[in-house]
Amino acid sequence: MNSKFTKIVRILLGLILIVFGANKIYTFIPLPQPPTAAADFMNSLADTGYVITLIAIVEIIIGFMLLLKLWVPFVLLLLIPLSLNILLFHLFLDIPSIGTAILVVVLNGILLYKHRVKYKPLFV
């Protein structure tokens, strides 16, 4: 669990989550214009006044916890629904921008596999 590969994957995933989470709050990375359906969906989430901000804060917190190596197995479980929703959003609404979503799911999967011993008590 403490191999260099696992450390690199954990840090990379943490950085991705922090950067894209912060970008939801303060746009500093210009993103390409999404298709109409994706833009409509994101606008409806933004119109609630809290959903996008909440998602961004959760991403940033998870990212920092991964970078600081705090409660990593727990944080990886918290990231499952978030990463799957990111993947499904891009799969159904914005295929051209699916690369980062796939990367987040794969990195999360690798880390979940590396920490699988910690999850055994959940399934006994």
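Predicted model: local features only at pLDDT ≥ 70, side-chain atom pairs only at ≥ 80, totals over all residues.
Local features require a pLDDT of at least 70 and side-chain atom pairs a pLDDT of 80 or more, whereas totals for chains, interfaces and linings use all residues. Residues are numbered from 1 along each chain as its sequence is written, and side-chain values use heavy atoms, with hydrogens and water left out.

The chain contains 6 helices and 0 strands, where helices (H or I, at least four residues) and strands (E, at least two) are DSSP runs numbered from the N terminus. The radius of gyration, taken over C-alpha atoms, is 15 Å, close to the 14 Å given for 124 residues by the globule rule, so the chain is as compact as a globular protein of that length. That rule is 2.2 Å times the number of residues to the power 0.38. The C-alpha trace spans about 45 × 30 × 25 Å along its principal axes.

Of the 124 residues, 33% are buried (under 20% relative accessible area; exposed, over 50%; partly exposed, in between; 1.4 Å probe, protein chains only). Contacts are defined by heavy atoms within 4.5 Å; among those between residues at least 6 apart in sequence, 73% join residues at least 24 apart.

Gln 33 lies in the loop between α1 (4–25) and α2 (36–47). This residue, Gln 33, is exposed, with a relative accessible area of 69%. Gln 33 and Asp 94 are separated by 61 residues in sequence, and their C-alpha atoms are 9.9 Å apart in space.
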